[in-house]
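Good morning, colleagues. Please turn to the structure on the screen.

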Amino acid sequence: VRAAGLDGGLEGKRIIVQGLGNVGYHAARFLRNEDGAKIVGIVERDGALLDPTGLDVDDVKSYMSEHGGIRGYPSGRLERNGARALEAPCDILLPAALEGQITTRNALPPMRRT
């Protein structure tokens, strides 16, 4: 925790969730409601929503159920290439959908990529 420049708590931490299915949705809700974390990004198959002020996970999930995806959601910024959102500024990245999404290409700082 110290090496990453974090303190021991989750309050106010910026979280990006990849996948708002069963695992991602409940984890995001719990982290926001119980720990005070801020969900600043949600990555889905049709893009990613990014909002540095935080996203309402329940509202996004409801919108997805009604519209089949996140495109057109009225809050936040849509990043059409969801993979780019995996590199957006955050304290915690929660990969809760497709496997193999975290690679040396998107996990290492630009100066260490080969």
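This is a predicted model: local features need pLDDT of at least 70, side-chain atom pairs count only at pLDDT 80 or more; totals for chains, interfaces and linings use all residues.

With which residue does Arg 32 form a salt bridge? The partner is Asp 56, and their closest N and O atoms lie 3.6 Å apart. Arg 32 belongs to helix H1, whereas Asp 56 sits in the loop between strand S3 (47-50) and H2, so this pair ties together parts that are 24 residues apart in sequence.

Residues are numbered from 1 along each chain as its sequence is written, and side-chain values use heavy atoms, with hydrogens and water left out.

By salt bridge I mean a side-chain nitrogen of Lys or Arg within 4 Å of a carboxyl oxygen of Asp or Glu. The structure holds six of these salt bridges.

Another one joins Arg 29 to Asp 58, with 2.7 Å between the closest N and O atoms. Here Arg 29 lies in helix H1 (residues 22-35) and Asp 58 in helix H2 (residues 57-67), 29 residues apart. Helices are DSSP runs of H or I with at least four residues, strands are runs of E with at least two, and both are numbered from the N terminus.

Asp 58 also meets Arg 32 in a salt bridge, at 3.2 Å from N to O. That pair again links helix H2 with helix H1. Through shared partners, Arg 29, Arg 32, Asp 56 and Asp 58 are joined into one network.
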